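Hi everyone, thanks for making the time today. Please bring the sequence and the model up on your screens, and I'll talk you through what we have.

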Amino acid sequence: MSWTRYAAPQRFYPLAGRALPWFAAAALLLTLAGLYIGLVLAPTDHQQGDSYRIIFVHVPAAWMSMICYLALAFWAAVGLIFNTRLASMLAVALAPTGAWMTFLALWTGALWGKPTWGTWWVWDARLTSELILLFLYIGFMSLHAAIDDERRADRAAALLALVGAVNVPVIYFSVQWWNTLHQGASVSLTQAPSMARVMLAGMLVMTLAFWMYCIAAVLARVRVIILERERHARWARPLLEAA
Amino acid sequence: MNWSSLAEFAHMGGYGLYVWGSFGMCALVLAAETWGLRSRRRNLRQLPLDEADDLEHRPIHEA
């Protein structure tokens, strides 16, 4: 059986429905574990004291802000190239969650910056490009909402998403390419991490928790979008009444 | 275990405002997003099911 059969909204809807509780449960358990590791087990930092603990939400939010955008751009491209409805619906479903993650990255970053750098904000490369990411998410959602024809809206917003995708590597590499106030990478694929193991464990567990949460939220949203868009279809009627 | 009391835990070595302001906002966003999704799902019932009732599909000359 080809997996492409799930490209039909009618078939994807129940699949997403079955997967959703697993991701939600994983998100909950990982969050509890991560919070325990980060807030109870991990030691106080000798330089930053306990303010560093913001890392356990700041880094996951920031990573998810980028991952959600890349996923959004990917599905937008698929929808544009293959003219499939569900791909565009997924892109639209990803946007609000990604935007929230971006907002959280900026908010928690500001709250970390104040005690650490003495300022809530600075126009360095990373912070500025992350702010631009938020504008891109908002732009995507606004452009889509502004066009009445759903499929035309999908295509226009998809173009915006694809053009904006260049911003993601800019955010990621900004701390290497420019002199930034934001610190450089503490974890990489090629070198040993430069932070204590318990702290790293907490950060990774919380990142996974955020990821599971984002998947759950996006699955829930795409199911609602499917019902909204396919409401004229016979298969959708009983589901709409049950909603 | 770093904390000898709940008060110490809340105090976060003097950084309580920043740490709990961060974790608190995350909790708020989580609540807002899930509530928003539930609300959007509930509103599905009110959407016009009949093509004829759907304003988006109304022929131009009727507008």
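Let me begin with a term: a crossing of two helices is called left-handed if the near helix is turned anticlockwise from the far one by less than a right angle, and right-handed if clockwise. Please keep in mind that this is a predicted model, where local features need pLDDT of at least 70 and side-chain atom pairs count only at pLDDT 80 or more, while totals for chains, interfaces and linings use all residues. Residues are numbered from 1 along each chain as its sequence is written, and chains are lettered from A and ligands numbered from 1 in the order in which they are written.

Now to the first pair of helices. Helices here are DSSP runs (H or I, at least four residues), strands are runs of E of at least two, and both are numbered from the N terminus. Helix 1 of chain A passes helix 7 of chain A in a left-handed crossing. Their axes come within 7 Å and cross at roughly 155°; axes are lines fitted to C-alpha atoms, for helices over the stretch in contact, and angles run from 0 to 180 degrees between N-to-C directions. Helix 1 and helix 7 of chain A are therefore roughly antiparallel to each other, given that angles over 145 degrees count as roughly antiparallel, under 35 as roughly parallel, 65 to 115 as roughly perpendicular and the rest as oblique. By class, the contact of helix 1 with helix 7 of chain A has 27 nonpolar, five polar and one charged residues. For the classes, Ala, Val, Leu, Ile, Met, Phe, Trp, Tyr, Cys and Pro count as nonpolar, Asp, Glu, Lys and Arg as charged, and the others, Gly among them, as polar.

Let's look at one residue in each of those helices. Is Gly202(A) buried or exposed? With 25 C-beta neighbours inside 10 Å, Gly202(A) counts as buried. The cut-offs are these: buried is 20 or more other C-beta atoms within 10 Å of a residue's own, exposed is 12 or fewer, and partly exposed is in between, with C-beta atoms placed from the backbone. Gly202(A) sits in helix 7 of chain A, and leaving aside residues up to four places away in sequence, it touches Gly34(A), Ile37(A), Gly38(A), Ala42(A) and Phe56(A). Touching, or being in contact, is when two residues have their C-beta atoms, placed from the backbone, within 7 Å. Over in helix 1 (residues 9–41) of chain A we find Ala24(A), which is partly exposed, with 18 other C-beta atoms within 10 Å.

Next, a second pair in chain A. Helix 4 (residues 125–146) and helix 5 (residues 150–164) of chain A pack at an angle of about 165°, with their axes 8 Å apart. That makes helix 4 roughly antiparallel to helix 5 of chain A, and their crossing is right-handed. Among the residues making the contact are Leu136(A) and Phe140(A) from helix 4 of chain A, and Ala153(A) and Leu160(A) from helix 5 of chain A. By class, this contact of helix 4 with helix 5 of chain A has eight nonpolar, three polar and no charged residues.

Now for the loops. Asn83(A) lies in the loop between helix 2 and helix 3 of chain A. Asn83(A) has a positive phi of about 60° although it is not a glycine, and it is exposed, with 12 other C-beta atoms within 10 Å. In chain B, Met12(B) also is not a glycine but has a positive phi, of about 50°. Met12(B) is in the loop between helix 1 (6–11) and helix 2 of chain B, and with 22 C-beta neighbours inside 10 Å it counts as buried.

Finally, how do the chains meet? Chain B has two helices and zero strands, and buried residues make up 11% of its 63 residues. In all, 30 residues of chain A are in contact with 24 residues of chain B. Helix 3 of chain A gives the most to the side of chain A that touches chain B, with nine residues. That side of chain A divides into 16 nonpolar, seven polar and seven charged residues.

The axes of helix 3 of chain A and helix 2 (residues 16–42) of chain B come within 9 Å and cross at roughly 170°. That makes helix 3 of chain A roughly antiparallel to helix 2 of chain B. Trp100(A), Leu104(A) and Trp107(A) are among the contact residues from helix 3 of chain A, and Met25(B) and Val29(B) are among those from helix 2 of chain B.

Thanks, everyone, and please ask away.
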